[in-house]
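Hi everyone, thanks for coming.

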Amino acid sequence: MRVSSRETVISPKSFGVFHLAEIVRFRELFYIFSWRDIKVRYKQTFLGIFWVIFQPLVTTIIFTVFFGNFAKIPSGDLPYPLFVLTGLVFWNYFSNSVSHAANSMIENESIIKKVYFPKIILPLSSLLTGFIDFLINLFILFIFAVVTGHSPNLRIIYLLPFSILVTIFSSSGIGLFLASVNVKYRDVRYILPFFIQILLFITPVIYPLSILSPSHKIYMAFNPMSGAVEASRGIFSGTTPDFFLLTVSAVSSLLILIAGFVYFSKTEKFFADIV
Amino acid sequence: MKPIIEINKLSKKYKYGVSQPYYSLRDSLTNWITDPVKVLAGNKKTDMGQFWALKDIDLNVKEGEIVGIIGRNGAGKTTLLKVLSRITPPTEGKAVLRGRVASLLEVGTGFHPELTGRENIFLNGAILGMSRVEVRKKFDDIVDFAEIERFLDTPVKRYSSGMHMRLAFAVAAHLEAEILLIDEVLSVGDTAFQQKSLGKMENISQSGRTILFVSHNLGMVKKLCLKGIIIKDGRSSKLTAIDELINTYQQSRQTSSASIRLNRYNLEFINFRVNGISVKDEPEVFPESQMEITAEYKGSGNKSYDLCLSFALRKKEDYTLMYYSHNHLENVRHMTEKKGSISLRFHLPHVSPGKYTLETQIWLDGNLVTDGFEMGDLTVVSAPAFASHKSFANFPAHLLIPSLWRIRK
């Protein structure tokens, strides 16, 4: 018999303390949950993986017809379809991550009640699942941009990582917070679609930030997704995004991440009792 | 050497209100509006019922010991395993586990119906704490044990419940851990597989691993464990040799009357009779005769439930299950009324004489409300069994089947 040096102490205080080592130890579970979600999602569907690109493409077409052609919303030096698709790729990653993370605890209730593992793995793995879709969409976006004659410029080096990180930070923060609240209050289920819809309107996805007066822009930037979407357009557009606004969004996304994380860690220990 | 499991005054308190499946934001808002003082005063919900699911549990287990944990439903056995598995935190006290812990509170946790058997082995393994390398190493053993080679690439949703169970147990049985916490998992599946699982468990125990084993099945506890504890109302007895423990446990159960009160359902099973005689009076029955078991109940509420009731006969000396049936098996449906009874009639074959325990399980609207409740004992009297007039008393088999010997020259 192999003698293990591992010692587990269980006391009221040993719970709710964040151990990075624990997450590292359970890292395989992190992949396996994502892998499971990816595997399961398109089983028994006719279009399969095509669904990943279906949603942003159809939305782009509809938005282009209504907001681009009829409402004539300005889109700077980019054609409206490219303008809106860029925003949608990031926006969809954000909204899918938030809603999957928010429901992750409830969907895995039976596991939470019967097995121990750091529960933060569940919402985080749904972020990883969404990331795969996001990469596919990003690939489509670049093809579309090149085809329409708007190859990415050099600013991609910092603007792309910036947009991705801000999106990940803010969706993790909000996702963790909602996942935890959802365990106790199932109201989240009803609020969530509404919340995401409202957020879409206050994020410059279908319109450019430039249609707002400078004094209003600053309020918009508190919504970190404003910064992410604006920055992502700078990859194809000739105009440099406003760095002050990007900084505000970046700080805001970090604060959201920390708040979500702290709230989740504090409430995590009671999940198995109340879910 | 330090004990591998050291539990010191471990306690867990639950509030009645919190055990609700979920409640809405509105309730919390109402609390704020109607009684902001109380909410601000720090959530002292004094009006809320509290109870200790576990209270001052002390237990030291040495490496390689297999400890049985027995007790009635709701006594706190599962809660103890949940606290030790770190699923739920204790309220007071401390426990130290020296070694890798694997807990098995339910077989097949996290199985996904859409995934294939192969994929589920990896998924379930990972959830139970096995690494991919470990699962790969044990993969063939798991598949062999579960006997599902041909269906490895079929989605689990197309498995029979037996196959599902076998696969789930097979993964769990191959867990590498110094400490195993096991809850009731062996009590499912067909008898052949149960025997196989029990054999596997004995193997595990011989390899020097420490096991805490919760079960209702005293026969299995007796077979697997040398020592054990009884948990009653959240408190635990001292660690005792298993035979003595089971005797104490049965004596404590014998004082209970042959009635079951289900307060939550406003239903009471007032008496169980065997051939008209209450089990309280230890009825006697003859082998090779008609036997009738009746459960009488009365209800005080207006609600009617779909009743499913099982009767089981267990040989008292070694807990062998001799007979089992429930009314849904025979497609007999019964909705409870204000007062009624349900009875079962069968031909008792020539079983070995001695004391038998009569057990029942009750489901109301499909929910198991009492599991393995012992209603009382009955005696099967000794009857002439062989042409040689030898008695059945020391006969090795449980069932005597009329047989004919022939000699040819």
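Before I go on, some housekeeping. This is a predicted model, where local features need pLDDT of at least 70 and side-chain atom pairs count only at pLDDT 80 or more, while totals for chains, interfaces and linings use all residues. Residues are numbered from 1 along each chain as its sequence is written, chains are lettered from A and ligands numbered from 1 in the order in which they are written, and side-chain values use heavy atoms, with hydrogens and water left out.

Strand β16 (residues 306–315) of chain B runs antiparallel to strand β17 (residues 321–326) of chain B, and five bridges join them. Helices (H or I, at least four residues) and strands (E, at least two) are DSSP runs, numbered from the N terminus, and two strands pair if DSSP finds at least two bridges between them. This hairpin has five residues between its strands, and there B:Tyr319 takes a positive phi near 65 degrees.

Now for where the chains meet. Chain A brings 42 residues to the contact and chain B brings 56; contact means heavy atoms within 4.5 Å. Together the two chains bury about 4,400 Å², with 59% of that on carbon and sulfur atoms. Buried area is the accessible area (1.4 Å probe) that two parts lose on being put together, summed over both.

What holds charges across this interface? The rule finds five salt bridges between chain A and chain B, a salt bridge being a side-chain nitrogen of Lys or Arg within 4 Å of a carboxyl oxygen of Asp or Glu. One of them pairs B:Arg132 with A:Glu28, whose closest N and O atoms are 3.8 Å apart.

On the side of chain A that touches chain B, the elements giving two or more residues are β1 (7–10), α1 (20–25), α2 (27–41), α5 (109–114) and α12 (271–274) of chain A. The largest share, nine residues, comes from α2(A). By type, that side of chain A divides into 20 nonpolar, five polar and 17 charged residues. Here Ala, Val, Leu, Ile, Met, Phe, Trp, Tyr, Cys and Pro count as nonpolar, Asp, Glu, Lys and Arg as charged, and the others, Gly among them, as polar.

Last stop: the structure holds 24 salt bridges over all chains. In one of them, B:Glu176 meets B:Lys138, with the closest N and O atoms 3.1 Å apart. B:Glu176 lies in the loop between α6 (161–173) and β6 (179–183) of chain B and B:Lys138 in helix α5 (residues 132–146) of chain B, so this pair ties together parts that are 38 residues apart in sequence.
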